[in-house]
Each structure stands twice: as C-alpha cells, then as structure tokens.
Amino acid sequence: MKKFAHSIQAIAAVLALSTLSAPAHAALKKGDAAPLFTTSGALAGKAFSFNLDEALKKGPVVLYFYPKAFTQGCTLEAHAFAEAMDDFRAASASVVGMSNDDIETLKRFSTEACRDEFPVARATPGLIRSYDVALNRPGMSAELSDRTSYVIARDGRIVMVHSDLDWREHVSRTLAAVRALKSK
C-alpha cells in the first residue's frame with residue numbers, strides 16, 4: 001500500500017510539472033463576452049488611459065498580449081502590427097498591445113517597436129487573470145509565457161482567439177478576423 005501511495009504521489013508530481021512546461025491556453029473562447037477594463041498605457045511615447053468599452057464604440061478591437069517589451073519576438077510582433085496598421089484602420093479596428101511592463105518601458109516600446117502606430121497598455125494582474133494569459137513575470141521563462149491575440153467585436157463578444165508563442169501569425173489571423181467582421 002505504501003508503494004501505491006508513492007506511485008500516486010509521483011504521478012501527481014509529474015502531472016503538476018507538465019502543466020508548467022507548456023504555455024497556458026486562453027480560457028476565453030469565441031462568443032464569450034470580453035472582460036471590460038480601463039488601464040494605463042502609452043502611444044507615441046506619451047502616457048494615456050485605455051478603456052475597452054469606449055474603444056469598442058469606435059469599432060472592433062484587437063488585444064494582443066505579449067510576454068515582454070524589447071525581447072526579440074515581441075519586438076518583431078510589434079513591427080508587424082505597425083506595418084499592418086493601415087489595413088486595420090481600413091477595417092475600422094483598433095490594435096492594443098498588452099503586457100505587464102511598467103509605463104516607462106511602454107512609452108519607449110510604443111515609439112521604438114510600435115513605431116508610434118498603435119498603443120501598448122498595462123496588463124494588470126487582474127486583467128491577466130480575466131483574459132487567462134500567462135505573461136512574463138520575474139523568475140518566469142519566456143517559454144512559459146503566452147502570446148495571445150483576441151479580436152473583440154463592437155458588441156463586446158470575442159470573435160477570434162489565437163494563442164501561440166510564435167508571433168508570426170498573430171497579425172494575419174487578427175486582420176482576417178477583423179476583415180470578416182467588416183464584410184458582415
């Protein structure tokens with residue numbers, strides 16, 4: 001019986017560790033109501049306040065959560081979104097990058113990586129929980145972080161979720177989802 005108990009404990013430990021080795025997948029699904037929030041952020045190097053409810057009144061919103069400003073993948077993803085901003089604007093959509101970086105870092109990132117084309121905002125601990133993303137925290141490796149993009153329709157419903165640490169398809173997938181909304 002003692003051997004059996006040790007086996008169960010060993011299996012439980014392996015299962016617990018295996019959940020730490022892969023990024024979490026977004027719990028919010030297509031059709032879910034997007035949690036509304038207000039947070040601080042930066043656009044073109046200047047601080048501003050972002051309110052999702054207000055942004056949705058103007059059109060669909062792409063929220064893309066990225067692990068850490070100025071890391072290779074996050075910088076390349078920001079460049080890709082910046083290059084596609086004319087297409088997002090043509091579809092009446094807003095793009096907001098979300099991370100748990102501090103405001104001073106976001107100010108620099110909004111200019112240097114986002115090229116003054118779109119804002120980046122603070123993903124607070126509550127917001128990270130609401131959107132069920134794992135962002136880079138002290139002591140957490142980038143491999144355990146999520147890179148999750150949400151497209152939110154004007155009615156506040158999530159119409160697309162893409163969660164993949166590889167940044168390369170986030171722009172094309174979110175743009176396709178935004179364009180599909182415009183054609184309805």
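Predicted model: local features only at pLDDT ≥ 70, side-chain atom pairs only at ≥ 80, totals over all residues.
Local features need pLDDT of at least 70 and side-chain atom pairs 80 or more, while totals for chains, interfaces and linings use all residues. Residues are numbered from 1 along each chain as its sequence is written, and side-chain values use heavy atoms, leaving out hydrogens and water.

**View 1. Helix 3 packs against helix 7.** Helix 3 covers residues 72-83, and helix 7 covers residues 170-182. Helices here are DSSP runs (H or I, at least four residues), and strands are too (E, at least two), numbered from the N terminus. The two axes lie 9 Å apart, at an angle of about 35 degrees. Axes are lines fitted to C-alpha atoms, for helices over the stretch in contact, and angles run from 0 to 180 degrees between N-to-C directions. The crossing is right-handed: the near helix is turned clockwise from the far one by less than a right angle. E77, A80 and F81 in helix 3 touch H170, V171 and T174 in helix 7 (contact: heavy atoms within 4.5 Å). Three of these residues are nonpolar, two polar and one charged. Ala, Val, Leu, Ile, Met, Phe, Trp, Tyr, Cys and Pro count as nonpolar, Asp, Glu, Lys and Arg as charged, and the others, Gly among them, as polar.

**View 2. Two cysteines are C74 and C114.** C74 is buried, at 0% relative accessible area. C114 is also buried, at 0%. Buried means under 20%, exposed over 50%, partly exposed in between (1.4 Å probe, protein chains only). The structure holds zero disulfides (cysteine sulfur pairs within 2.5 Å).

**View 3. S99 sits in strand 4.** Strand 4 spans residues 94-99. S99 is buried, with 0% relative accessibility. Its side chain makes a polar contact with the side chain of Y66, at 3.3 Å. Such a contact is a pair of N or O atoms within 3.5 Å; within protein, one must be able to donate a hydrogen and the other to accept it, and residues adjacent in sequence count only if both atoms are side-chain atoms.
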